[in-house]
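Colleague: I'm new to this one and would like to learn how to read it. Could you walk me through it, feature by feature?

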Amino acid sequence: MKALPSNFVFFRLPHQEHYTVMAQANSTPEVLTSVLDISGREGFVMAPFEPSPSHPVLLMQPDMVEERVIEAQELAEIDDFAVGTQSGERKNYEEVFACFHNAVVSGQFSKLVLARTTEIDRPESVDLKQLFLKACHLYPRAFVALFSMPQVGTWLMATPEILLEGHANCWQTMALAGTMKRPNGLPEGCDAIWSDKDKEEQGYVSTYISDTLHRFTDNVSSDGPYTAVAAHLVHLRTDFSIRKSEVGNVGELIDALYPTPAVCGIPKEQARAFIFNNESVSRRYYSGFCGPISPSGNTHLYVSLRCMEIMSDRLRLYAGSGILGDSTVEGEWQETQSKLQTMLRLLR
């Protein structure tokens with residue numbers, strides 16, 4: 001494969017048969033002081049879960065943009081395989097889970113999201129472009145993005161969750177909370193049977209997003225919750241729409257939504273601080289957001305989920321799950337195991 005520039009992005013929007021390549025060869029991505037600075041800007045933005053000097057909000061302003069057709073590709077049947085077998089990984093998760101669960105049960109939080117990572121050796125044959133294209137084929141409903149730049153490293157994701165998307169005169173967002181393996185034989189468009197825990201989690205996120213949008217406009221419409229398929233998983237999803245002309249400063253809306261309780265907790269700012277101080281892993285750009293932005297309305301920002309950080313000799317995979325009062329360590333561990341499969345399947 002032709003050598004890639006040091007600053008590049010490949011991304012494919014859901015259901016599209018082409019992908020976009022952006023590169024910034026003549027300068028470096030701009031460091032933004034906060035997501036509030038996004039308003040009126042154009043390019044590709046990458047925001048971490050918790051902005052800091054070592055993990056800043058970045059805006060890549062490309063000097064090269066190309067659209068390319070995704071060529072047909074045959075894929076073999078892929079089975080799940082075990083991860084998280086490194087010494088102490090499960091024990092560490094159980095200890096942190098107890099800390100998070102106690103904080104919820106005590107009433108300090110209604111919900112917290114606990115993330116974990118697992119690392120595997122990077123296969124010598126890994127080709128970044130081929131990994132990206134395989135993700136496009138395996139996950140047609142997802143926003144698939146591969147980006148690399150010295151400030152953030154190299155990341156690949158196939159995420160189902162919109163943070164904020166603008167088309168013409170409308171903005172869309174969603175509440176995506178509640179996850180399980182797709183039941184065998186469940187057709188597209190049919191509802192799964194959801195647990196009370198999943199319904200409660202969806203309710204928390206939907207209420208938060210609805211309340212946040214109503215701070216900007218009374219013209220809010222919603223659809224859901226309903227079952228949304230994401231490859232081998234299904235999620236509970238509620239869609240929201242508002243009129244773009246009533247939003248005003250888009251950066252303020254993004255800042256109000258991010259991070260949603262789907263990846264953080266309730267109340268948001270206290271949960272974010274608790275996660276930062278008590279989680280055993282650094283989330284970095286996992287559970288932040290990324291995507292193309294444009295003041296003309298062609299904006300597609302997605303929550304950075306189903307992520308893989310690609311290093312010279314290792315691959316670090318990220319996953320998380322929502323902790324409520326009736327959560328169990330086994331149930332949440334298995335949910336993260338299922339989510340990790342999204343990236344692991346690309347390596348088969």
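Colleague: Which element gives the largest share of the lining of the largest cavity?

Modeller: Here's the general idea: rolling a probe the size of a water molecule over the atoms shows where empty space is left. In this predicted model, β11 supplies the largest share of that lining, with four residues. β11 spans residues 170-181. At least two lining residues each come from β7, β11, β18 (314-323) and α6 (329-344).

Colleague: How many cavities of 30 Å³ or more does a search of the whole structure find?

Modeller: The search turns up one. About 180 Å³ of space lies in the largest cavity. Its lining has 19 residues, and those nearest the centre are Leu176, Thr179, Ala262, Gly320 and Lys339. Sort the lining by class and you get seven nonpolar, six polar and six charged residues.

Colleague: Now the sheets. In what order do the nine strands of the open sheet come?

Modeller: A bit of background: in a regular strand the side chains alternate between the two faces of the sheet. Here the order is β6-β2-β1-β8-β9-β17-β18-β7-β14, with antiparallel pairing. β6 (64-69) and β14 (265-266) are at the edges; each has a single partner strand, so one side of each is left without a neighbour in the sheet.

Colleague: How many bridges link β17 and β18?

Modeller: Three, and the two strands pair in the antiparallel sense. β17 covers residues 307-310. To find your place, look for Met308, which stands opposite Leu317 in β18.

Colleague: What about strand β4: is it mostly covered or mostly open?

Modeller: When you read burial, compare each residue's relative accessible area with the cut-off: under 20% counts as buried. β4 (residues 43-47) is mostly covered, with five of its five residues buried. It runs antiparallel to β15 (residues 289-293), joined by five bridges. β4 is also joined to β5 (residues 57-60) by three bridges, again antiparallel.

Colleague: Is Thr217 buried or exposed?

Modeller: Thr217 counts as buried, with 6% relative accessibility. Thr217 is also in a loop, between α3 (196-214) and β12 (220-230). A polar atom of the Thr217 side chain lies 3.0 Å from the backbone nitrogen of Asn219.

Colleague: What are the relative accessible areas of Cys99 and Cys170?

Modeller: Cys99 is partly exposed at 29%. Cys170 is partly exposed too, at 24%.

Conventions
Residues numbered from 1 in each chain as written. Predicted model: local features only at pLDDT ≥ 70, side-chain atom pairs only at ≥ 80, totals over all residues. Heavy atoms only, no water. Buried < 20%, exposed > 50% of the residue type's maximum accessible area, 1.4 Å probe, protein only. Pairing = 2+ DSSP bridges. 1 Å grid on protein atoms, 1.4 Å probe; cavity = no way out; pocket = protein on both sides within 12 Å on 5 of 7 lines; lining within 4 Å. Points joined across faces, edges and corners; volume = space filled by probe spheres on them. Nonpolar A, V, L, I, M, F, W, Y, C, P; charged D, E, K, R; others polar. Polar contact = N/O pair within 3.5 Å; in protein donor to acceptor, adjacent residues only side chain to side chain.
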